[in-house]
Amino acid sequence: MFIPLYDTNRLRHIRLQYVTIGLIVVNALVYCATALGGENFTNAAVLGLGFIPSVVHNTAELDPRFIIIPESLSYLTYSFLHADIFHLGGNMLFLWVFGDNVEDALGHVRYLIFYLLCAIAGAAFQGLVAWDSQVPLIGASGAIAGVVVAYLILYPRVKVWVLAFARIPLRIPAFIPLVLWVLFQVVMFAAAGEDQISWACHIGGIIAGAVLVLVLRSRGVPLFAGADEDTVAPAPDQPPAAAKPAAPEPPATTTRWGRGSPSGSN
């Protein structure tokens with residue numbers, strides 16, 4: 001429906017979104033490592049590191065050959081695996097466009113905690129909906145859903161460039177594509193049933209993101225902020241410029257006709 005390209009929302013509290021960049025790099029490296037390892041290696045990684053509800057809930061057992069980590073860690077590890085380059089690219093594009101400003105609003109450490117908790121929430125909700133599923137869940141979509149809804153709550157009126165229907169460039173307030181995106185996830189979750197895309201994971205991330213952004217945002221960061229051009233703040237680490245005293249008015253001159261006018265006026 002909408003592909004995000006760029007927003008006009010500058011950073012106010014941090015100089016560089018290095019957690020967002022780091023997450024993108026880690027996801028890309030993990031994808032390259034699994035893809036270059038060949039099909040068998042990729043399948044082993046998906047089974048060993050993906051989130052499999054039936055295995056986590058002890059209603060099924062994983063082949064010992066694929067046991068790499070404790071089952072509980074798959075609530076996190078699944079979010080760093082992707083099925084193909086388009087799966088990876090779509091998630092990382094959303095993270096690049098919206099993640100920096102959420103990181104700016106939360107701070108580096110709280111943002112990383114936020115991201116990981118949204119990933120966990122996505123897997124947990126998927127596990128509740130499909131308790132006995134033996135299909136591995138992979139992808140950062142749960143965490144990305146949390147980032148998207150956090151941006152929606154923090155900056156709904158900031159202008160973003162999007163491609164509508166993958167071909168029409170538009171510059172519109174963020175709440176338009178993001179509200180439509182959230183509604184689309186809800187509709188698909190209600191209607192899709194069994195599907196390769198885990199809509200339940202998206203819903204879990206959305207719920208977690210909406211709650212956590214209220215708790216973890218930095219002090220003084222407002223909700224539902226207006227467009228960036230309407231809010232002017234001092235650059236980070238720079239004190240606001242001191243106000244200059246107004247120049248004193250020249251003393252009035254007095255003529256025999258009373259208070260005089262400045263030279264040259266009628």
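1. Let me start with a charged pair: aspartate 63 and arginine 65 form a salt bridge, and their closest N and O atoms are 3.0 Å apart. The term stands for a side-chain nitrogen of Lys or Arg within 4 Å of a carboxyl oxygen of Asp or Glu. A search of the whole structure finds one salt bridge. Aspartate 63 counts as partly exposed because its relative accessibility is 29%, and arginine 65 counts as exposed at 66%. The classes are buried for under 20% relative accessible area, exposed for over 50% and partly exposed in between, with a 1.4 Å probe and protein chains only.

2. A word on the ground rules. This is a predicted model, in which local features need pLDDT of at least 70 and side-chain atom pairs count only at pLDDT 80 or more, while totals for chains, interfaces and linings use all residues. Residues are numbered from 1 along each chain as its sequence is written, and side-chain values use heavy atoms, with hydrogens and water left out.

3. Glutamate 103 deserves a look. This residue lies in helix H5, residues 85–106; helices (H or I, at least four residues) and strands (E, at least two) are DSSP runs, numbered from the N terminus. Glutamate 103 is buried yet has no salt bridge, and arginine 110, the nearest side chain of opposite charge, is 11 Å away. For charge, Lys and Arg count as positive and Asp and Glu as negative, whereas His and the chain ends are not counted.

4. Three strands make an open sheet in the order S1-S2-S3, with antiparallel pairing; two strands pair if DSSP finds at least two bridges between them. Strand S1 (2–7) and strand S3 (168–173) stand at the edges with a single partner strand each, so one side of each is left without a neighbour in the sheet. Neighbouring strands here are turned by 30° against each other on average, direction ignored. Strand S2 (residues 159–164) is joined to S3 by six bridges, and tryptophan 161 stands opposite arginine 171 in S3.

5. Helix H8 (residues 175–192) lies across S1, S2 and S3 and runs at about 100° to S3. Axes are lines fitted to C-alpha atoms, for helices over the stretch in contact, and angles run from 0 to 180 degrees between N-to-C directions. Valine 179 has its place in helix H8 and is partly exposed at 33% relative accessibility. Between valine 179 and valine 149 there are 8.5 Å in space, C-alpha to C-alpha, and 30 residues in sequence.

6. Finally, two backbone angles to check by eye. Most residues other than glycine have a negative phi. Asparagine 58, however, has a positive phi near 60°; this residue lies in the loop between helix H3 (53–56) and helix H4 (74–77) and is exposed at 61% relative accessibility. Phenylalanine 224 has a positive phi of about 55°. Phenylalanine 224 lies in the loop between helix H9 (199–216) and strand S4 (254–255), and is exposed with a relative accessible area of 51%.

How values were computed
Contact means heavy atoms within 4.5 Å.
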